[in-house]
Each structure stands twice: as structure tokens, then as C-alpha cells.
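Subject: Handing over the structure

Hello,

I am passing this structure on to you, and below I set out what was found in it. Please keep the sequence and the model open beside you as you read.

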Amino acid sequence: FESRSAMPQLTEELIRKRAEHNEGVLSDLEEIALHQQEIERIESIEACCRHIKILLLQNNIIPKMEGLNKLKELEYLNLALNNISKIEGIEGCESLKKLDLTVNFVSVEELEESVYNLKANMMLEDLYLTGNPCVDWSGCRAYVIAHLPQLKQLDAKMVVPRERIKARQQLPRLQQELEVAIEEARRKRLASAGEPVSEGAYTKESRNEMYLELAEQKAEKERNERRRMGTEPKEPRVVPGVYNARGELRQCNEGKYNFDLDDWTYPDKIVFELAVPKYLDTSALDVDVNPLYVRVVVKDKVTQLKLSGEVKPDGAKVQRSRTTGVLHIDMPLLQPHEVKERKAPEPELQPLKPCTEPAPRLGYNGGDGDRSKTVSIQGIYKDPKRVVSKKQDTLLREVKTTRVPHGAPTAPAADDDEVPPLECRR
């Protein structure tokens with residue numbers, strides 16, 4: 001049989017859940033139904049429900065009557081369909097009037113002690129023992145009636161005065177028959193001790209197995225419902241180890257926090273700063289300084305970096321800013337090194353500005369032979385030597401012609417310098 005952790009326990013939370021009709025208030029709760037909850041043990045009832053009057057615990061797998069003795073106002077207790085072997089633990093229930101133990105495992109061997117434990121319940125009027133092994137003995141009803149004169153009804157059948165008187169007269173004989181029945185039941189139990197139990201037999205073990213399966217099915221159904229509603233709690237995250245799958249030091253920043261690892265400003269130490277959330281409680285930080293690495297765990301998120309040199313963990317100093325919340329770790333180096341020279345900062349580029357002073361003209365400066373490297377463009381468009389003359393835009397010009405009659409003598413044409421002379425074709 002599986003451990004108790006597989007079954008739901010009778011806790012205060014479960015009692016409040018089942019007390020919705022009383023708005024979850026337990027101090028004045030008078031009635032509660034805890035049936036079909038796969039409960040294994042009666043607990044928390046005495047502490048939470050001192051004024052309970054009706055307690056329904058049927059159809060569970062409770063093996064023992066316990067945790068009920070202080071319920072002074074309890075009037076009705078239903079423990080039908082459980083694994084109870086003996087009636088006990090209710091001597092202090094002064095107001096108990098009805099007790100239902102239908103289909104349990106009260107045997108003939110435990111009948112005498114069970115009936116004796118009920119003598120203290122003077123208010124008990126109604127008792128149910130149907131379905132218990134003790135009922136198989138023919139004298140069970142008369143034996144119970146003879147020992148419990150306060151009973152008015154047994155197994156849903158009224159106890160008449162004639163039956164009670166007859167049972168009292170037969171009590172010595174019933175006692176002897178009970179002893180014989182007990183010896184016979186013991187012999188049967190010892191004889192069947194090594195024999196396998198037939199499949200489908202109604203035993204405590206079979207009931208426990210059946211209810212365990214029911215509990216697993218119910219838990220799976222509740223999990224599926226929570227997944228559908230998006231209320232299923234996530235499994236706790238496994239924090240990654242120091243080394244990765246290849247056996248190398250892990251370098252990661254799972255929290256994506258800004259960090260700064262300064263290993264060259266100071267010759268004798270390495271400074272590590274991690275910008276954790278400002279309002280995060282310091283107790284949520286786990287810092288580990290190793291000779292070869294520094295590791296900070298923030299809410300199961302690991303930030304781990306490999307160090308450039310070996311440090312002394314014993315001399316490390318961990319601080320946190322009160323204003324920004326930044327985590328500051330100073331780690332002294334085992335072998336200090338020289339400070340690296342910083343490069344001179346390059347001058348910032350400035351935008352070009354118009355010249356306010358006149359620049360010197362291009363040419364020679366006196367007779368010293370040095371040429372000026374500055375060219376002035378002032379008045380360049382006014383100097384005819386530096387400006388190219390503008391060409392005429394006319395491509396065609398108008399020529400005056402005179403029509404001459406055919407056969408008339410023509411005057412010699414004037415020479416035009418721009419027309420080339422004709423050449424004879426040979």
C-alpha cells in the first residue's frame with residue numbers, strides 16, 4: 001500500500017472548504033460532510049469544530065476511530081463504508097445518539113470489547129452494524145441488546161421490551177457461544193494466513209487499493225482543470241550548476257541584469273558590480289566568490305562569470321548600495337598585476353564654422369621665398385585674368401542672299417575668311 005502522502009489528509013483547509021454552508025467559519029460549525037474524500041485518519045476535528053453535532057465521514061478508508069473523544073456535543077456520527085475493526089475512542093461523546101458503522105470490519109473477536117466501549121454512551125439510541133463480520137454470528141443482535149439497555153433501535157429495527165428481556169436471560173449462554181465463535185474465527189484466520197486472497201475479495205487491502213486509484217484519478221482531474229484555467233502551479237526551477245555539460249565553467253546572465261567586471265583599473269583586485277532590482281530584499285541574493293569565478297543567484301536566476309585571474313575568496317568584500325541597490329563585490333587578486341595604460345582620449349570633432357578674418361591672397365610673401373598655403377577667394381569674380389571670357393551663344397547667323405536670273409552674268413563673290421577654299425576633284 002502506498003504512503004499516506006498519496007491520500008488527502010483531513011486538514012483545517014479541507015474542513016473550511018467543506019464548510020461553505022457556514023461561510024467557512026468553524027468556531028460555531030454544527031454539521032459537516034466529509035464523505036468520499038479518501039481520508040485515512042480522523043484529525044483536526046477536535047481542535048477546529050468543538051461544537052459539531054453531525055459528522056459525516058462515510059465512504060472513506062479510516063481504519064481507526066480516533067480524534068473524536070472531545071466532541072461533547074456530537075449527536076450523529078456516520079462512519080459507514082470504512083476500514084474500522086473495533087469500536088473505540090468515543091467514550092467522551094456524551095451527547096451521541098446515533099452511530100452508523102455499516103459495512104466495516106468489526107469482527108467477532110472485537111465484538112466484546114466494542115460493545116463494552118459503548119456502555120459509556122448513555123444517550124446512544126440508534127446503532128448500525130449491518131455488513132460487519134460480527135453480524136455473521138447468530139447471537140450478535142441479542143448480545144448487543146443485552147449489554148446496551150439504552151438502545152432503542154439496532155440495524156434499523158426497533159428493540160421491543162420482550163426482546164430485551166429475553167436477551168438478558170440468554171446472556172450467560174450467549175457469552176459461551178461468543179467464546180466458541182471467537183476460537184473458530186481465530187482458527188480460520190490462521191488457516192488462511194498463507195493462502196492467497198481471491199481476486200475481488202472485500203478486504204481492507206482491496207479497499208485501500210481501490211481508493212488509492214480513485215484518489216489518483218481525482219487528483220489528475222483537478223490538475224487538468226487547473227491547467228485549463230491557468231492556475232496550475234509551476235514546478236520549481238532547477239538552478240543550473242557551476243559547470244556546463246562539457247565540464248567547463250558556466251558563463252551566463254539568466255536575469256539579464258546590467259553588470260560590470262573591472263579587472264584592470266586596480267592592480268590588486270577585481271571589482272564586480274551587478275545591477276539587481278533596487279527594492280529586492282537582500283535575503284534573496286546568494287553570492288559565491290570562488291578563486292576562478294564569481295556567482296550570484298537572484299530568485300533562481302544565475303549570473304556567473306569567469307575571472308581573468310585567481311582571487312582570494314576569504315578577502316572578498318560584498319556590499320550593496322542603499323540608494324541604487326547595486327551589488328558591489330571586491331575580490332583581491334592572489335597575484336597583483338600592473339595597471340594597463342589607458343589610451344589618450346581623442347579630441348572631439350567640432351563642426352566647421354565660417355571664417356571671420358580675411359585670408360591672405362595666393363602668391364609670394366615678399367622675398368623670403370616661402371609660399372603661402374592659404375588661398376583667398378575674395379574678389380575672384382572681379383579679376384579678368386581669373387575669369388574665362390564668355391563665348392557667344394549664337395550657333396547660326398543670318399546670311400543675305402539675292403536670287404539671280406538664269407543666264408545673267410553674276411558679279412564676282414567677295415572672299416569670306418570663314419569659308420574654306422574649294423578644292424578641285426581629280
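Before the helix packing is described, one definition is needed: an axis is a line fitted to C-alpha atoms, for helices over the stretch in contact, and angles run from 0 to 180 degrees between N-to-C directions. Helices (H or I, at least four residues) and strands (E, at least two) are DSSP runs, numbered from the N terminus.

With these terms in hand, the axes of α4 and α6 come within 10 Å and cross at roughly 125 degrees. That makes α4 oblique to α6, because angles under 35 degrees count as roughly parallel, over 145 as roughly antiparallel, 65 to 115 as roughly perpendicular and the rest as oblique. On the side of α4, the contact (heavy atoms within 4.5 Å) is made by Ala142, Tyr143, Ala146 and His147, and on the side of α6 by Leu171, Leu174, Gln175 and Leu178.

Please bear in mind that this is a predicted model, in which local features need pLDDT of at least 70 and side-chain atom pairs count only at pLDDT 80 or more, while totals for chains, interfaces and linings use all residues. Residues are numbered from 1 along each chain as its sequence is written, and side-chain values use heavy atoms, with hydrogens and water left out.

Is helix α4 (residues 140-147) largely enclosed or largely open? Since 7 of its 8 residues are buried, α4 is largely enclosed by the rest of the structure, where buried means under 20% relative accessible area, exposed over 50%, and partly exposed in between (1.4 Å probe, protein chains only). The buried residues of α4 are Cys140, Ala142, Tyr143, Val144, Ile145, Ala146 and His147, and their cover includes α3 (111-117), β5 (126-128), β6 (153-154), α5 (161-169) and α6 (171-191).

For the protein as a whole, the secondary structure comes to 7 helices and 15 strands, and 31% of the 426 residues count as buried. Among contacts between residues at least 6 apart in sequence, 49% join residues at least 24 apart.

Turning to the sheets, two strands pair if DSSP finds at least two bridges between them. An open sheet of 7 strands has mixed pairing and the order β1-β2-β3-β4-β5-β6-β7; its edge strands, each pairing on one side only, are β1 (31-33) and β7 (157-158). Within this sheet, β6 and β7 pair in the antiparallel sense over 2 bridges, and Leu154 stands opposite Lys157 in β7.

Another open sheet, of 4 strands, has antiparallel pairing and the order β8-β13-β12-β11, with β8 (252-253) and β11 (285-289) as the edge strands that each pair on one side only. Strands β12 (residues 293-298) and β13 (residues 301-306) are antiparallel and pair over 6 bridges, with Val298 opposite Lys301 in β13.

There is also a hairpin formed by β9 and β10, with 6 residues between them. The antiparallel strands β9 (residues 259-262) and β10 (residues 269-274) are joined by 4 bridges, and Asp262 stands opposite Val271 in β10.

Finally, Glu88 is found in the loop between β3 (76-78) and β4 (98-100). Leaving aside residues up to four places away in sequence, Glu88 touches Lys64, Met65 and Asn117, and its C-alpha lies 9.3 Å from that of Asn69, which is 19 residues apart from Glu88 in sequence.

Best wishes
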